[in-house]
Amino acid sequence: MTAPALDALDALESESIHIFREVAGEFDRPVILFSGGKDSTLLVHLAAKAFAPAPIPFGLLHVDTGHNYPEVIDFRDRLVARLGLRLEVARVQDWIDDGRLVERADGTRNPLQTTPLLDTINAHRFDAVVGGARRDEERARAKERILSLRDAFGRWDPRRQRPELWNLYNGRHAPGEHVRVFPISNWTELDVWRYIRREGIELPSIYYAHRREVFRRDGMWLAAGPWGGPRGTERVELRTVRYRTVGDGSCTGAVESTAATLDEVIAEVTASRLTERGATRADDRLSEAAMEDRKREGYF
Amino acid sequence: MTRDLLRFATAGSVDDGKSTLVGRLLYDTKSVLADQIEAVTRASADRGLATPDLSLLVDGLRAEREQGITIDVAYRYFSTPSREFVLADTPGHVQYTRNTVTGASTAELAVLLVDARHGVVEQTRRHAAVLALLRVPRLVLAINKIDLVGYDEGVVAAIAKEFAGLARSLGFADPAVVTIPVSALLGDNVVEPSARTPWYEGPTLLGHLESVPVTGPDVTAPFRMPVQYVIRTGPGAAVSDYRGYAGQVAAGTVAAGDEVVVLPGGARTTVASVQTADGPLAAAGAGRSVTVLLTDDIDISRGDVLASAAAPPRVTDELEATLCWLAEKPLRPGARLLLKHGTRTTPVLVGAITERLDTDTLTFGAAPAELAINDIARVGLHTADPLPVDDYADVRATGSVLLIDPQTGNTLAAGLLGTPLALLDPLTGP
């Protein structure tokens with residue numbers, strides 16, 4: 001005799017909570033990568049549910065490009081205070097200031113996040129680094145394991161991935177290596193939004209339609225800012241926009257939208273004919289294998 | 001409206017057109033968005049193709065696109081108004097056992113592809129054997145490239161008949177197997193019914209995937225839950241002096257008042273309540289992550305299993321397992337490895353290799369001196385700690401193990417306890 005199957009969101013939630021508890025049980029020094037975006041905010045919400053009524057037994061790490069939206073930083077600080085979390089911030093600017101990194105000609109700092117991330121993982125000896133990547137985001141990510149080994153240089157080798165069976169996760173690693181953990185691997189963008197609505201999860205205000213000064217570049221609306229814009233003939237206009245992803249301000253575009261509520265955002269995402277990365281992330285447009293190449297080097 | 005979730009896997013030989021079928025399924029369900037289509041169209045043009053090569057939608061790695069093959073299991077997501085789908089797309093080349101085992105381990109249904117021109121081939125038999133071993137509840141035989149055999153009903157019927165015999169001999173019940181003739185390239189019977197197969201009256205592939213019942217938790221199965229973590233709060237906390245055992249219900253159901261046993265120790269106690277962050281549950285079934293509070297103060301830690309006191313698993317350090325050997329390096333009797341069972345990892349000594357599956361004849365035969373990659377064999381295991389185990393055929397979660405290399409940490413084998421593969425004589429059937 002069988003009971004009805006779990007609702008899709010309940011099944012995904014239980015899977016993610018199981019993964020978080022495996023991390024707490026098997027690793028000594030886990031950390032959650034936190035950008036202030038919807039996926040990492042979802043991660044923190046799921047972690048809180050996994051360990052309730054006790055606090056989340058690990059802290060957050062934010063790799064800060066310096067090209068931020070003030071609304072997101074404000075949101076981050078309020079979330080950390082509310083849940084009593086530890087927050088470590090790795091500032092790309094510090095790496096540029098002391099010469100370990102050089103600013104790129106195009107001004108984008110997204111690819112520059114890898115070195116501060118790996119340096120911080122080493123300095124704190126983090127052994128499990130939990131991220132909000134989803135397999136539906138991008139083709140290389142579709143091949144990613146839920147627990148994914150990184151060598152001492154933080155590299156991902158897609159040809160040497162461990163087989164991952166049932167829900168038996170193998171987190172063994174040698175000293176110096178670490179494991180990336182992706183508890184929301186099996187969620188789609190729409191699952192994330194539906195769950196945010198169901199649970200009443202607060203997000204940074206930039207996910208909802210607002211008026212903003214933007215300029216057009218490569219078919220995207222970029223916010224004017226210290227990262228290099230507008231240039232040349234690019235013209236700043238006041239538009240009603242929202243963000244579908246939160247990333248480095250230099251390469252994350254806004255979409256024109258009047259979706260000001262969760263229901264309107266869900267309706268818009270359902271009807272969209274573009275993926276969230278395709279619509280708004282210049283970093284993924286560089287080549288067919290842009291994400292794979294960055295992941296191999298140790299990117300999130 | 002609630003929607004359920006169907007996890008399924010695809011398997012097939014190289015060149016059966018599996019990536020094209022998956023690409024077609026995604027494309028025709030409108031799960032592929034404009035920028036992805038644009039990228040595939042651009043890449044197809046670069047390769048000199050006149051029409052978009054749908055396989056490029058799913059072959060995600062640089063080496064895969066360069067070599068035109070699929071290397072690793074890829075996970076795909078699509079949905080229809082009534083259901084969400086998680087698809088494990090498993091490639092069919094050298095590491096076929098490793099990939100098929102991985103994809104099939106969480107699947108409720110598998111789509112096995114054959115080329116209509118070649119029918120059931122050696123790889124089909126191997127894949128079907130692995131799917132039977134992993135006890136995937138339902139099979140679809142997708143006979144692809146029917147456009148290349150002139151949509152001939154006789155060809156399809158002959159392949160279906162041969163496969164039905166194979167499936168029966170592997171222990172699949174007839175209603176669990178459905179045969180669908182398709183052309184992934186042209187879209188026949190994938191999402192839209194084909195006008196070119198008037199003799200075929202069954203569902204399209206998507207129609208079948210949408211209507212097949214998703215197996216809910218078996219409420220009559222005995223309760224099992226490996227303890228993942230102990231959640232505690234101190235005297236000053238908002239919820240003070242809390243002590244709960246966190247885990248995902250692996251089988252059966254659990255409710256307040258249930259008598260449970262803590263294994264391998266053997267202490268008996270009663271469930272005080274079943275909690276989640278959203279409050280207590282009247283009962284929780286398999287798949288649900290919960291925190292169990294007990295009436296007695298017992299020493300319980302990660303690695304222990306909470307189980308029905310009336311129908312507990314057996315506790316033993318001598319295991320009989322069917323191993324799928326997944327590593328390049330061979331396995332020899334006497335090897336000292338690590339074994340992961342539920343939430344416990346323990347040293348293990350590999351005993352005798354008793355027999356190996358011959359995937360051509362689908363019979364167990366004489367054991368080799370050592371196991372090579374892709375071998376499936378029955379092996380004795382001696383664990384350092386006693387484990388509470390069930391047969392894989394009865395309870396998947398407490399009947400499955402991983403073998404891990406203590407030096408490299410790599411996963412070497414998937415192990416299924418008991419005799420999960422009940423081979424029958426193909427002529428007489430079940």
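Reply: Two strands count as paired if DSSP finds at least two bridges between them. Helices (H or I, at least four residues) and strands (E, at least two) are DSSP runs, numbered from the N terminus. The model is predicted, so local features need pLDDT of at least 70 and side-chain atom pairs count only at pLDDT 80 or more, while totals for chains, interfaces and linings use all residues. Residues are numbered from 1 along each chain as its sequence is written, and chains are lettered from A and ligands numbered from 1 in the order in which they are written.

Me: How many bridges join β19 and β21 of chain B, and in which sense do the strands pair?

Reply: Strand β19 (residues 344–358) of chain B pairs with β21(B) over 6 bridges, in the antiparallel sense. Within this pairing, B:L349 is opposite B:H382 of β21(B). Strand β21 (residues 376–389) of chain B is also joined to strand β17 (residues 314–325) of chain B, by 10 bridges and again antiparallel. There, the residue of β21(B) opposite B:V315 is B:P388.

Me: In what order do the strands of the open sheet in chain A stand?

Reply: In a regular strand, side chains alternate between the two faces of the sheet. In chain A, an open sheet of 6 strands has the order β3-β2-β1-β4-β6-β5, with mixed pairing. Its edge strands are β3 (87–91) and β5 (147–150), each of which pairs on one side only. Neighbouring strands of this sheet are turned by 30° against each other on average, direction ignored; axes here are lines fitted to C-alpha atoms (for helices over the stretch in contact), and angles run from 0 to 180 degrees between N-to-C directions.

Me: Do strands β1 and β4 of chain A run parallel or antiparallel, and how many bridges join them?

Reply: Strand β1 (residues 30–33) and strand β4 (residues 128–130) of chain A run parallel and are joined by 3 bridges. A:I32 has A:V130 of β4(A) as its bridge partner.

Me: How many residues of chain B are in contact with chain A?

Reply: The size of an interface is often given as the accessible area lost when the parts come together. Here residues are counted instead: 61 residues of chain B are in contact with 50 residues of chain A, contact meaning that C-beta atoms, placed from the backbone, lie within 7 Å. Helix α2 (residues 34–46) of chain B gives the most to chain B's side, with 5 residues. By class, that side has 26 nonpolar, 20 polar and 15 charged residues. Nonpolar covers Ala, Val, Leu, Ile, Met, Phe, Trp, Tyr, Cys and Pro, charged covers Asp, Glu, Lys and Arg, and the others, Gly among them, are polar.

Me: Into which domains is chain B divided?

Reply: Chain B has domain 1 (4–211), domain 2 (224–308) and domain 3 (314–417), with bounds from an automatic or database domain assignment. The C-alpha centres of domain 1 and domain 2 of chain B are 41 Å apart.

Me: Which residues have the most contacts inside the largest nonpolar core?

Reply: In soluble globular proteins, nonpolar side chains tend to be buried together. A nonpolar core is a set of buried Ala, Val, Leu, Ile, Met, Phe, Trp, Tyr and Cys residues joined through C-beta atoms within 7 Å. The largest has 191 residues, and B:A110 and B:A142 have the most contacts inside it. Helix α1 (residues 8–26) of chain A gives the most to this core, with 8 residues. Leaving aside residues up to four places away in sequence, B:A110 touches B:F8, B:A9, B:A11, B:A104, B:L131, B:V136 and B:L139.

Me: Why does A:E15 count as buried?

Reply: A residue is buried if 20 or more other C-beta atoms, placed from the backbone, lie within 10 Å of its own, exposed if 12 or fewer, and partly exposed in between. A:E15 is buried because 23 other C-beta atoms lie within 10 Å. A:E15 belongs to helix α1 of chain A. A:E15 and A:S185 are 170 residues apart in sequence and 9.9 Å apart in space, C-alpha to C-alpha. Of the 300 residues in chain A, 52% are buried.

Me: Where are the positive phi value of A:R125 and its loop found?

Reply: A:R125, a residue other than glycine, has phi near 50° and lies in the loop between α5 (114–124) and β4 of chain A. A:R125 counts as exposed because it has 11 C-beta neighbours inside 10 Å. B:L362, also not a glycine, has a positive phi of about 55° and lies in the loop between β19 and β20 (363–366) of chain B. With 19 C-beta neighbours inside 10 Å, B:L362 counts as partly exposed.

Me: Which residues does the cis peptide bond with omega of about 5° join?

Reply: That bond joins A:A52 and A:P53, and A:P53 lies in the loop between α2 (38–51) and β2 (59–64) of chain A. Another cis peptide bond, with omega about 15°, joins B:L263 and B:P264. B:P264 is in the loop between β11 (259–263) and β12 (267–276) of chain B.

Technical notes
Two residues are in contact if their C-beta atoms, placed from the backbone, lie within 7 Å.
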